Amino acid sequence: MSQLEVLQSGGSAAMPVPPVARAPRRWRSVGTVKAALFAVVLVGFSILFVYPFIWAISASLKPQAEVFDNRVIPKHWAFHNYADVFRIPDAPMLTWIWNSVWVSTLGALAVTFSSALIAFGFAYFRFPGRNLLFGVLLSTMMLPQEVTMIPTYLIWKHLGLINHGGQYPLWVPNLFGSAFYVFLQRQFFLGIPRDYFEAARMDGDNYWTMFWRIAVPLAKPALIVTFIFEIQAKWFDLMTPLIYLRDTALFTLPLGLKTILDSFGTSGGGQGDWQLIVAATVIAVIPMLAIFAVFSKYFLDGIAAGGRKG
Amino acid sequence: MASIAPTAQKPGPLTRARFWASGFKERDTWVAYGFLLPWFIGFTVFIAGPMIASLVLSFTDYSVIQATNWVGTQNYHDLIHDPKVSKAMMNSLVFTLMSVPLEIVTALVLALVLLRVGRMAGFFRTIFYLPKMTPPVAVAILYLLLFNGSVGIVNRVLGWVGITGPFWTTDPTWVKPGLVLMSSWAVGGTMVIYLAALRGVPQHLYEAAAMDGAGAWRRFRDVTLPMISPALFFTFIILTIAGLTEFTKAYTAFFGAGTKTNETEAALFYAVYLFRQSFEFFHFGYASSLAWLLFVVILVITFIQVRVSKRFVFYQGER
């Protein structure tokens with residue numbers, strides 16, 4: 001088999017590793033070497049990518065003294081770490097989780113709906129200034145958060161809504177759409193044949209029902225992508241809660257995790273109760289992995305779509 | 001073409017303006033603006049307004065506590081002479097220079113491998129994407145644990161092959177390389193973008209190239225790279241901006257409320273310094289000037305990237 005054929009066949013069919021016994025003198029052939037190389041790369045990277053999860057899960061089930069023994073299976077099991085994490089004084093884990101859950105959900109719902117409105121406006125209508133406005137919208141993606149963060153803070157401070165149970169600074173901005181999502185959804189709306197809208201118009205639909213009954217259901221995949229991306233973004237965000245929240249009871253999970261790290265990690269002056277820190281970390285990671293398990297297709301397609309027309 | 005009147009071919013600026021203005025008489029236009037209303041409000045209140053306010057603040061010594069004075073360009077003068085600003089900017093630049101190439105190359109290699117493994121690609125794509133689902137705060141914690149100089153697994157593994165690993169999280173020389181390696185754990189997003197781009201390359205181009213006697217390297221260089229160059233360009237820009245504004249991982253691992261014993265200038269990224277000036281020292285005026293410097297640096301770097309890339313990026317079709 002020449003090198004050329006190997007490369008050409010490599011596109012679609014997986015290269016099987018020929019059984020060594022049947023091809024005794026051919027094991028050095030390009031195909032085998034390549035297949036072996038691929039296998040090594042795949043398995044090697046899989047270990048690299050998955051190992052930190054395994055390390056964290058097993059460390060979270062070890063007693064304090066054994067956290068760093070780097071065993072995959074703990075020598076002594078310490079399931080109570082997970083109970084202990086919920087009993088740390090001044091660290092209401094359950095409240096933090098709940099705060100993250102409701103802020104993420106509300107923020108994601110808000111940004112999905114508002115971005116859909118804006119995206120439909122840009123996709124369906126022709127109006128003066130459309131291209132200019134869309135250009136302005138896209139260029140806001142380039143703006144680092146740092147430029148607007150201080151005046152935005154001052155607005156919320158002026159309104160007296162800092163460190164407030166309503167968590168307004170964390171989700172209210174989502175009511176006004178977000179450039180990346182508008183861009184993503186607009187692509188989707190543009191893909192809907194215009195005839196659908198014309199037909200609906202004939203049937204007496206107005207603009208709102210056209211949006212709500214035709215555009216939105218047809219763009220469902222893009223809306224799901226927006227929703228789960230924003231859930232993830234909110235679940236990840238440390239800076240915004242760091243700016244706006246002071247009371248421990250108001251913290252979202254990332255800030256809570258940081259608090260636990262600071263009070264137990266040795267660098268923060270703690271005793272080095274790493275088993276608790278790792279258990280809290282695992283708790284913060286699991287919901288994201290669960291969402292990914294359910295929506296992996298949307299995550300992967302959404303990322304790919306975002307990159308395609310950038 | 002001949003049948004069309006010359007005026008229709010080349011409408012004068014006045015006609016165009018009149019046509020443009022006539023759009024405002026259409027009901028559609030106002031309905032469209034209605035749909036855009038959320039963005040108009042959000043843009044005014046959370047983007048344009050704060051941008052102007054931040055620019056104005058950067059010429060004052062606003063600090064909430066004391067009376068505010070107009071200080072002219074003093075803040076900008078100060079930041080040039082603030083050794084921490086240059087240190088922090090260098091830290092962010094070095095981090096970006098290390099992490100962006102590493103992530104692009106790793107993602108491309110993984111995507112190329114996945115392209116050839118057939119049915120298993122879906123499975124491995126999911127595995128490789130998993131780290132991207134880990135919150136950055138959790139990534140920073142894992143970094144502190146795995147890269148721990150004396151007991152971490154990274155140095156343990158290096159020890160197996162006879163290398164004495166550095167004290168990643170405390171040795172200033174190794175703090176950034178360690179953070180870069182840990183960040184590159186989440187390479188999956190970039191990889192997915194490349195994989196989609198690679199799948200979009202028409203097979204017949206490869207066949208034609210092979211027919212012309214192009215070897216594997218030639219086909220990669222002359223077919224694959226140009227065809228996926230828009231994706232490479234896109235990630236290049238996005239990753240650069242992300243690198244320059246990196247905050248969460250460095251802040252989580254090395255800074256925070258109270259005294260941190262491992263606080264180190266090597267991890268003082270620009271966004272971290274900016275954040276501390278803002279919300280730990282409440283130097284809002286000074287911090288605003290820092291923010292504008294960051295914005296200008298990002299604009300300049302992106303502009304250079306766009307100009308340089310223009311020669312290499314190939315857009316298929318009308319664009």
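Trainee: How many other C-beta atoms lie within 10 Å of A:Asn163, and is this residue buried, partly exposed or exposed?

Mentor: Bear in mind that this is a predicted model. A residue counts as buried with 20 or more other C-beta atoms within 10 Å, and as exposed with 12 or fewer. A:Asn163 has 14 such atoms within 10 Å, so it is partly exposed. The residue sits in the loop between α6 and α7 (168-171) of chain A. Its phi is positive, about 55 degrees, although A:Asn163 is not a glycine.

Trainee: Where is B:Phe282, and what is its phi?

Mentor: B:Phe282 belongs to the loop between α14 (270-279) and α15 (284-309) of chain B. Here too the residue is not a glycine, and B:Phe282 has a positive phi of about 55 degrees. B:Phe282 has 16 C-beta neighbours inside 10 Å and therefore counts as partly exposed.

Trainee: Let us turn to the overall architecture. How many helices and strands are there in chain A?

Mentor: Chain A has 14 helices and 0 strands. Of its 310 residues, 40% count as buried. For the contacts within the chain, sequence separation is the quantity to read. Among contacts in chain A between residues at least 6 apart in sequence, 68% join residues at least 24 apart.

Trainee: How far apart in space are A:His80 and A:Pro63?

Mentor: Their C-alpha atoms are 9.1 Å apart, with a separation of 17 residues in sequence. A:His80 lies in helix α3 (residues 80-85) of chain A. This histidine, A:His80, is partly exposed, with 13 other C-beta atoms within 10 Å. B:Tyr76 is part of helix α4 (residues 74-81) of chain B, and is partly exposed, with 16 other C-beta atoms within 10 Å.

Trainee: Now the interface. How many residues of chain A are in contact with chain B?

Mentor: On the chain A side, 73 residues are in contact with 85 residues of chain B. Several elements give two or more residues to the side of chain A that touches chain B, including α1 (3-10), α2 (30-59), α4, α13 and α14 (274-308) of chain A. The largest share of that side comes from α14(A), with 14 residues. By class, the side of chain A that touches chain B has 50 nonpolar, 19 polar and 4 charged residues.

Trainee: What describes two packed helices?

Mentor: The angle between the axes and the distance between the axes describe such a pair. Consider helix α4 (residues 93-124) of chain A with helix α3 (residues 27-57) of chain B: their axes come within 8 Å and cross at roughly 140 degrees. An angle over 145 degrees would count as roughly antiparallel; α4(A) and α3(B) are therefore oblique to each other. The crossing of α4(A) past α3(B) is left-handed. Among the residues that make the contact are A:Leu117, A:Ile118 and A:Phe120 of α4(A), and B:Phe35, B:Leu36 and B:Trp39 of α3(B). The contact of these helices has 8 nonpolar, 2 polar and no charged residues.

Trainee: At what angle do α13(A) and α7(B) pack, and how far apart are their axes?

Mentor: The angle between α13(A) and helix α7 (residues 136-146) of chain B is about 25 degrees, and their axes are 9 Å apart. Angles under 35 degrees count as roughly parallel, so α13(A) and α7(B) fall into that class. A:Pro254, A:Leu257, A:Lys258 and A:Leu261 of α13(A) make the contact with B:Val137, B:Ala138 and B:Ile141 of α7(B). By class, this contact divides into 6 nonpolar, no polar and 1 charged.

Trainee: How many residues of α13(A) are buried?

Mentor: In α13(A), 11 of the 12 residues are buried, so this helix is largely enclosed by the rest of the structure. A:Lys258 is one of the buried residues, as are A:Pro254, A:Leu257 and A:Leu261. Helix α13 (residues 253-264) of chain A reaches 16 Å from its first C-alpha to its last, close to the 16 Å expected at 1.5 Å a residue.

Key: Residues are numbered from 1 along each chain as its sequence is written. Chains are lettered from A and ligands numbered from 1 in the order in which they are written. This is a predicted model: local features need pLDDT of at least 70, side-chain atom pairs count only at pLDDT 80 or more; totals for chains, interfaces and linings use all residues. Helices (H or I, at least four residues) and strands (E, at least two) are DSSP runs, numbered from the N terminus. The expected span of a helix is 1.5 Å times one less than its number of residues. Axes are lines fitted to C-alpha atoms, for helices over the stretch in contact, and angles run from 0 to 180 degrees between N-to-C directions. Angles under 35 degrees count as roughly parallel, over 145 as roughly antiparallel, 65 to 115 as roughly perpendicular and the rest as oblique. A crossing is left-handed if the near helix is turned anticlockwise from the far one by less than a right angle, and right-handed if clockwise. Two residues are in contact if their C-beta atoms, placed from the backbone, lie within 7 Å. Ala, Val, Leu, Ile, Met, Phe, Trp, Tyr, Cys and Pro count as nonpolar, Asp, Glu, Lys and Arg as charged, and the others, Gly among them, as polar.
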